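Please read the following points alongside the sequence and the coordinates.

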Amino acid sequence: MTYPEFHYRWELQLQSSPQDLWPYVADTNRFNRDTQVPAVQEIGPVQTNARRLLRFSNRLLSFAWEEDPFDWTYPYRFGVVRRYQTGPIAQMRALLEMTPQSDGGTQLVYQVWAQPRNFWGWIGIPLAIGRVSARRFQAAFKRYDEVAQSGAVPITLRHASHLTPGAKRRLEVIRQRLVQDGADPALVDRLVHLVQEADDLTLARIRPYHLADRWDAPRRDVLELALLATRAGLLDFQWEILCPLCRGASDRVHHTLTDVTSAAHCQTCNIDFHVNFDRSVELTFAPNPAVRAIKAPDFCVAGPQVTPHIAVQQLLPPHTQRQITPILEAGRYRLRTMTLPGGQHVRVTAVGQSQAYFHATNDGWPPQELELAPVPSLQLVNDTDEEQLLILERMVWSDQAATAAEVTTLQRFRDLFADEALRPGEQISVGSLTILFTDLVDSTQMYREIGDATAFGVVMNHFDVLREAIDAEGGALVKTIGDAVMAVFRRPVSALKAILRAQAVLAKPTPGQRPLRLRAALHYGPSIAVSLNEQLDYFGSTINMAARLEKFSLGGDVVLSDAICNDPEIAEFLTEQQAQLQVEPLSETLKGYDQECFSLWRVGKKIED
Ligand SMILES: [Zn+2]
């Protein structure tokens, strides 16, 4: 016999707005954990249109099911359908809807439909969902409302902290060591508190920039603290490889750069992709097990918060359409499906159109970019004979990721983790870097005049001055070659400030010391990370060019390439500093560059009268 479908509906009035609630309520992994749903396991490869085969089991029951991709429209609505292959339930649907209220709060409606397969389902569903889960659902939503209101990290919902035996004492030692190492004591206290109090899901993947934003602290300080804390035994770090489409990382986490390879595969999207340091490798942290062991199994693998850059995801059967009204942030988006090639490019602006049609067809997408308003009414149409998963995703990458490109150009990282290098022979693009080369002027003469031993000390001291100036500006000294130095920076203006500062210190040494002058040059462009002598190094034409430009420096100045001068921050800095600095155009030819003439600029301190 067939049993009737059960339907449950819960309605709550919450204080926070739908946007503020979304990161918590749409984090279905957290929600399932908080409502005591058992952990799930994937039991097969991801199917067409991101359908998944999953299972959970506890002492009493074992369920296996096929799960449709979640449908959602940020920040108002999401839902999912599970078709069970085993167990007392045949099918279950869940739908969450949030409606903004005039007082700034939200009316939240959560509904569940459950179809029993057999008598046991017919008996069990009213008890399990109608009574037990009902209480937990409502409690979880209320707690999320509190968390969204207070904006607090950590989120401690119901799990007490589980510190490793002896961890309290260890934490105190680590805290003192971090402060001795120069970390800000207030930040150290917050990090130690986080490791003690936050729940396992929060701690399984600590993102330092995200933390810094929540703490209202400088991002670099929190990242450097996390690196120091890793050396001190409080945290461990992991390199996550992010897929260019779903940006997911779960199955591609490495504990050392040596394991990172330039080729990767995403199981969810079924694509191969090239790994690069500036987008696809993110450094995240978790507590060291000697302090606290983290258990973070999956409770849900594909909810909206797994891919927060996706504003809309809708599964449309063949020849159907659907109307949605999402909230979109200003910026670039792309509408695509899982199976059709290409996508429709979209830009969201204040003056964009407030209504639009999107047709998924077998004839491709219109080439022109579509301009949309921030709250557009969208008609999604599937004009194909196949089911389509339509995805509207933000193109900009989260700037809250501490990418490998950024981390590896920090002096602190290179000092603390000198052995973090790529596998020999591996080459990974790092995007564009600023390269600084310096060389000591008249060093041969100096060696003759003051003797080798004294000169050696002078050279070493000048390396210290450079290292300090480079570190202060967020760069990293990659290597020294004789009296020469190669350093890398993310931003050209940081490199210029660093070299000008070092030149100034070296020109006016303490009494009794010799003034020194450096030749220096800066160039900016795409670079490749490699390992050389078991250390992270860089190569490519950008580096070769920077090394050659250094020869045009006269000493006490710095030669800038066109690419450096075209950087807007450099132009701004030079304008600000025009009373102190003089900028002189140069035009030089370089061997090996087809006698092409290069426009360069020489920047030096104005001679004081
Ligand atoms: Zn993917």
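How many residues of domain 2 are in contact with residues of domain 3?

1. Domain contact. 15 residues of domain 2 are in contact with 15 residues of domain 3, where contact is defined by C-beta atoms, placed from the backbone, that lie within 7 Å. On the side of domain 2 that touches domain 3, six residues are nonpolar, five polar and four charged. Here Ala, Val, Leu, Ile, Met, Phe, Trp, Tyr, Cys and Pro count as nonpolar, Asp, Glu, Lys and Arg as charged, and the others, Gly among them, as polar. The C-alpha centres of domain 2 and domain 3 lie 30 Å apart.

2. Basis of the model. This is a predicted model, in which local features need pLDDT of at least 70 and side-chain atom pairs count only at pLDDT 80 or more, while totals for chains, interfaces and linings use all residues. Residues are numbered from 1 along each chain as its sequence is written.

3. Domain bounds. The assignment gives domain 1 (6-150), domain 2 (167-297) and domain 3 (409-605). Such bounds come from an automatic or database domain assignment.

4. Overall figures. Taken along the principal axes, the C-alpha atoms fill a box of roughly 100 × 65 × 50 Å. The protein has 16 helices and 27 strands; these are DSSP runs numbered from the N terminus, with helices being H or I of at least four residues and strands E of at least two. Of the 609 residues, 38% count as buried. A residue is buried if 20 or more other C-beta atoms lie within 10 Å of its own, exposed if 12 or fewer, and partly exposed in between, with C-beta atoms placed from the backbone. Among contacts with a separation of 6 or more, 66% join residues 24 or more positions apart.

5. An open sheet has the strand order 10-9-13, with antiparallel pairing. Strand 10 (253-254) and strand 13 (281-287) are at the edges with a single partner strand each, so one side of each has no neighbour in the sheet. Strand 9 (residues 235-241) is joined to strand 13 by seven bridges; pairing requires that DSSP finds at least two bridges between two strands. Tryptophan 239 stands opposite leucine 283 in strand 13.

6. Helix packing. Helix 13 (residues 492-507) packs against helix 16 (residues 568-576) at an angle of about 40°, with the axes 8 Å apart. Axes are lines fitted to C-alpha atoms, for helices over the stretch in contact, and angles run from 0 to 180 degrees between N-to-C directions. The two helices are therefore oblique to each other, since angles under 35 degrees count as roughly parallel, over 145 as roughly antiparallel, 65 to 115 as roughly perpendicular and the rest as oblique. Pro492, Val493 and Leu496 in helix 13 meet Glu569, Ile570 and Phe573 in helix 16. Five of these contact residues are nonpolar, none is polar and one is charged.

7. Backbone geometry to check. Most residues other than glycine have a negative phi, and most peptide bonds are trans. Tyrosine 74 and proline 75 are joined by a cis peptide bond, with omega about -5°. Proline 75 is in the loop between strand 5 (71-73) and strand 6 (77-84).

8. Positive phi. Histidine 319 has phi near 50° and is in the loop between strand 14 (310-316) and strand 15 (321-324). Histidine 319 counts as exposed because it has 11 C-beta neighbours inside 10 Å. For aspartate 442, phi is near 60°; this residue is in the loop between strand 20 (428-440) and helix 11 (443-450). With 12 other C-beta atoms within 10 Å, aspartate 442 is exposed.

Note on methods:
Contact = placed C-beta atoms within 7 Å.
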